Amino acid sequence: MFYPQLNSHVAGTLRFPLDDVVHALRLFRIWMALGWNDILARYRRSVLGPLWLTISMAVTIAAMGPLYGSIFNIDLESFLPHLSLGLIAWGFISAQLIEFGEIFQHSAHYLRNMKLPLSLFILRVQYRQLIILAHNLAIIPVLFLILGRPVNMTLLLVIPGLILITINFFFIGLIVSFFCTRFRDMQPVLTSLMNLFFFVTPIVWHPDQLSGQRRLIAELNPLAVYVDLIRAPVIGQAPPVNEWCFALGSAVVLMVMSVYLLKRSGHRLVYWL
Amino acid sequence: MKQHMNITLRQAHIRFPIYESDDRSFKRTLLSAAGGRILKGDKHRVEIEALNNINLIIEQGEKVALLGHNGSGKTTLLRVLAGVYTPVSGAVDITGRVTSLLDSMLGMDPELTGLENIRMRLLFMGKNKTETAALTDSIVEFSELGDFIYMPVRTYSSGMVLRLAFAISTSVTPDILLMDEWMSVGDEQFRDKAEARLKSYVDAAGILVMATHDEQLARRSCNRIIRMVHGVIEEDCRV
């Protein structure tokens, strides 16, 4: 199979990570086609197709909302937007993480056949998850209409938030996918970690419900920051400055780590498959 | 005018690390990093030498047959030429666009229909929508799949997968074509057709490297024969 010409990759130099990412970005038509095919493949032969994404999320929200609302004794008008946006943002974040863990094994038949930038497969996962996110977000206008809830201009902050999260998760994707390909028992660890984090991240509950030191659970949890950067603007609150700073800082740190990883082990990855 | 193409390997070594299931575990690495006892094989990871000191120059217009027993390193060498495996030491320099037909699914997604696979593969080849549309008809015709082109590839026989993959890969004249044992699957009639197409393609001055067991085929369609034994080039002759 032919691939658009890659400059001969010199292993172990800084050019390798740079070439890899730039090349992957240029091949956007490939990862967009792969990502979209992934969605279609999952819903092949089903009548409603990708609409099932929207439906199953709506069902989850409709079932969990009244239940947890009454457990916590919060009025549904403020709890439902918090819960549904939390679930949607969490789905976006956790599904990316879990899929990063197995992406190279799933793409082995491409990787063993031709030279392709490794980042291309990270972008494939991200594009797929962005499509799913878009399907899920379609619930929100309907929900807000039912609740008669107004939206304000802070909604626009969701755009820089999403961009920042996508950049962060691109680098996280490189790190997690390398790690899980090299160490095969990391995938189940990752999956159970995600299950745990679902409960310690303020999705079903609200950080205000915790008092004193316990509040730290919400504040020191990096995933909570990412969730909040998506959720808060839509609810109508600007995310606090420290959350923006954290996300910017983590992007830089993760970038340095993943560049190092690509430089060190990028050319070895195919041997691990 | 086509750009000059060439393949050069200098003292290339390929070693495969063999990870036992326990060696692959993170616990083990963590323990040894933390100063735990050094277990056998920690210092000397088990490795298989797949290619040993390969020196090879292939020039434009050469049709190379790789002969050798199973496990002699034919496929590994093809993967090095495809840019998949980077040698642990030595240098590989490849000029030209590479097309490879290496594994049994030949880069196809079994869930997609033949037509969707054509689109996908052409996308990987860097073709845009109009070029794809122009090429699709001739691919469908050459592959002789008829209405099967609308069926998922998983319903195809291995011969049909091969026909489709071959038709796609040779629809655009590649600079360098790498093939692995492909002829054995096709039927007689398609084999002749494919050989004819290959001939016209190589006459247009490309490079062909194919791994095969079929000595007859090698002599018929290639002008250089390389014999491999245990990851070493044993014999290299032009015919």
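Trainee: What should I know before I start?

Mentor: The model is predicted, so local features need pLDDT of at least 70 and side-chain atom pairs count only at pLDDT 80 or more, while totals for chains, interfaces and linings use all residues. Residues are numbered from 1 along each chain as its sequence is written, chains are lettered from A and ligands numbered from 1 in the order in which they are written, and side-chain values use heavy atoms, with hydrogens and water left out.

Trainee: Let's take cysteines. How many disulfides does the structure hold?

Mentor: A disulfide is a covalent bond between the sulfur atoms of two cysteines. Here the term means a pair of cysteine sulfur atoms within 2.5 Å, and over all chains the count is zero.

Trainee: Is A:Cys245 buried or partly exposed? And B:Cys222, buried or exposed?

Mentor: Buried stands for under 20% relative accessible area, exposed for over 50%, and partly exposed for what lies in between (1.4 Å probe, protein chains only). A:Cys245 has a relative accessible area of 47%, which makes that residue partly exposed. B:Cys222, at 6%, is buried.

Trainee: What does A:Phe169 touch?

Mentor: Contact means heavy atoms within 4.5 Å. Not counting residues up to four places away in sequence, A:Phe169 touches A:Ile93, A:Gln96, A:Leu97, A:Phe100, A:Gln126, A:Leu223 and A:Tyr226.

Trainee: A:Gln96 is on that list. Where does A:Gln96 lie, and is the residue buried or exposed?

Mentor: A:Gln96 sits in helix 4 of chain A and is buried, at 0% relative accessibility. Its side chain makes a polar contact with the side chain of A:Gln126 (3.1 Å). A polar contact is a pair of N or O atoms within 3.5 Å; within protein, one must be able to donate a hydrogen and the other to accept it, and residues adjacent in sequence count only if both atoms are side-chain atoms. Leaving aside neighbours within four places in sequence, A:Gln96 is in contact with A:Val125, A:Gln126, A:Gln129 and A:Phe169.

Trainee: On to charges. How many salt bridges are there over all chains?

Mentor: Side chains of opposite charge can pair when their charged atoms come close. A salt bridge here is a side-chain nitrogen of Lys or Arg within 4 Å of a carboxyl oxygen of Asp or Glu, and the count over all chains is 15. Take B:Glu215: B:Arg219 forms a salt bridge with that residue, the closest N and O atoms being 3.3 Å apart. The two are four residues apart in helix 7 (residues 215–221) of chain B, so about one helical turn separates them. B:Glu215 also meets B:Arg227 in a salt bridge (2.9 Å, N to O). B:Arg227 lies in strand 8 (residues 224–229) of chain B, so this pair ties together parts that are 12 residues apart in sequence. In chain A, salt bridges that share partners join A:Asp38, A:Arg42, A:Glu99, A:Arg124 and A:Arg128 into one network.

Trainee: What about the interface of chain A and chain B?

Mentor: Buried area is the accessible area (1.4 Å probe) that two parts lose on being put together, summed over both. Between chain A and chain B that comes to about 3,700 Å², with carbon and sulfur atoms giving 55%. Zero salt bridges are counted between the chains, but four residue pairs are in polar contact (both at pLDDT 80 or more).
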